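Good morning, everyone. Please take a moment to look at the sequence and the structure, and then I will walk you through them.

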Amino acid sequence: MKLKGMIILNSSRMLLPTQHYLSMLQGLGNSQDLYSVLKIVVEMKSSLVSIDRTAYTAMADAFLACGSIDGALCIFGEIIKQAGDNKDLRPKPHLYLSIMRAFATIGDFDMVRRLKERMWPDSVGSISRSAKQEADELLMEAAINNNQVDVARRLLRRIVNGKEHFSWRSRVGLVALKVETLSGFTNSPLRPHVFPQILLNDPVEKYMIPFRESRPLGADLILENVAMRFLKDSAVPLVNDWGSCVGIVHSRDCTKMDSPLLSMARPPLCVPCSTSLEHVIDLLLREKCEMVVVVKSGNMYEGSYTSSSRPLGVFSLGILSEATANTANTHDECVPGAAT
């Protein structure tokens with residue numbers, strides 16, 4: 001019994017250094033001290049400490065926490081290499097997902113796809129349903145961050161069909177929202193319903209405001225003299241001395257207080273008055289603009305105002321925002337006990 005107790009005591013002492021290193025790796029990773037993490041990893045490899053799958057995983061997690069994808073990938077490659085002789089070193093799905101998250105963030109679609117394919121044959125233990133779903137979601141995130149909108153849209157359809165629900169505030173929800181924004185209403189996988197009182201097939205003329213009511217500013221005005229206007233309106237049309245629309249100034253472009261507005265203006269996007277609201281919203285999202293100028297005739301994709309087209313009115317994303325507020329107020333009045 002005494003000898004058995006000594007063996008247990010000595011075994012626990014042998015485990016203490018490894019546990020100590022693992023705790024240090026976790027703490028240094030959380031503080032994003034990459035230099036110290038590298039020193040600990042070198043010390044562990046050069047000492048007599050037994051490095052098992054848990055230790056390798058802690059090293060990779062510490063590198064990822066410090067933002068060093070290359071460091072984590074080196075550790076991952078070492079695990080895969082040694083796992084050929086020692087099956088106990090085969091990584092668990094957790095490590096695959098951790099590295100996939102890092103590559104999805106930088107938009108490395110090919111690497112995420114390869115890791116996803118190898119997670120099934122090369123990992124150890126069972127792969128849960130949530131892990132499979134996250135792998136698909138990370139592949140979609142990598143696609144959208146790599147500007148592969150069509151691929152991300154197909155993956156989103158697959159995710160929506162396999163999920164009962166997901167939160168818009170979750171990681172997959174934020175990615176899905178980005179896919180929806182870049183897809184527009186025409187190619188939307190989720191088929192959104194905008195507002196009860198707005199029909200997407202209606203002509204934009206029905207929802208525009210007259211051009212005079214948009215209170216256009218003179219193109220030669222200095223920004224500091226009208227700066228207060230942009231605290232209220234995110235986009236304002238500009239006119240020249242003949243009343244023609246020569247540009248649209250967005251509040252986020254107002255960076256030089258002593259410069260004329262025309263120097264910070266974008267060419268106005270023009271749409272015919274018969275253009276459907278659906279296509280106008282798609283145009284605004286695609287061009288990342290706040291406002292379009294509605295004209296009597298012309299090509300909606302010409303991208304600039306022509307002297308042969310008279311400005312009838314403007315349509316902006318702010319009009320949709322007002323419609324949202326009006327819808328919410330109407331709903332609150334109709335439903336008893338609705339929260340404000």
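Predicted model: local features only at pLDDT ≥ 70, side-chain atom pairs only at ≥ 80, totals over all residues.

The chain has 12 helices and 7 strands, where helices (H or I, at least four residues) and strands (E, at least two) are DSSP runs numbered from the N terminus. Residues are numbered from 1 along each chain as its sequence is written, and side-chain values use heavy atoms, with hydrogens and water left out.

Of the 340 residues of the chain, 41% count as buried, and buried means under 20% relative accessible area, with a 1.4 Å probe and protein chains only. Val271, which lies in strand β5 (residues 270-272), counts as buried because its relative accessibility is 0%. Between the C-alpha atoms of Val271 and Leu283, which stand 12 residues apart along the chain, the separation is 9.4 Å.

Let us turn to contacts, meaning heavy atoms within 4.5 Å. Among those in the chain between residues at least 6 apart in sequence, 56% join residues at least 24 apart.

Finally, the surface: the chain exposes about 19,700 Å², and carbon and sulfur atoms supply 54% of it, with the accessible areas coming from the Shrake-Rupley method with a 1.4 Å probe, where for residues only the protein chains shown count as cover.

Definitions and conventions:
Buried < 20%, exposed > 50% of the residue type's maximum accessible area, 1.4 Å probe, protein only.
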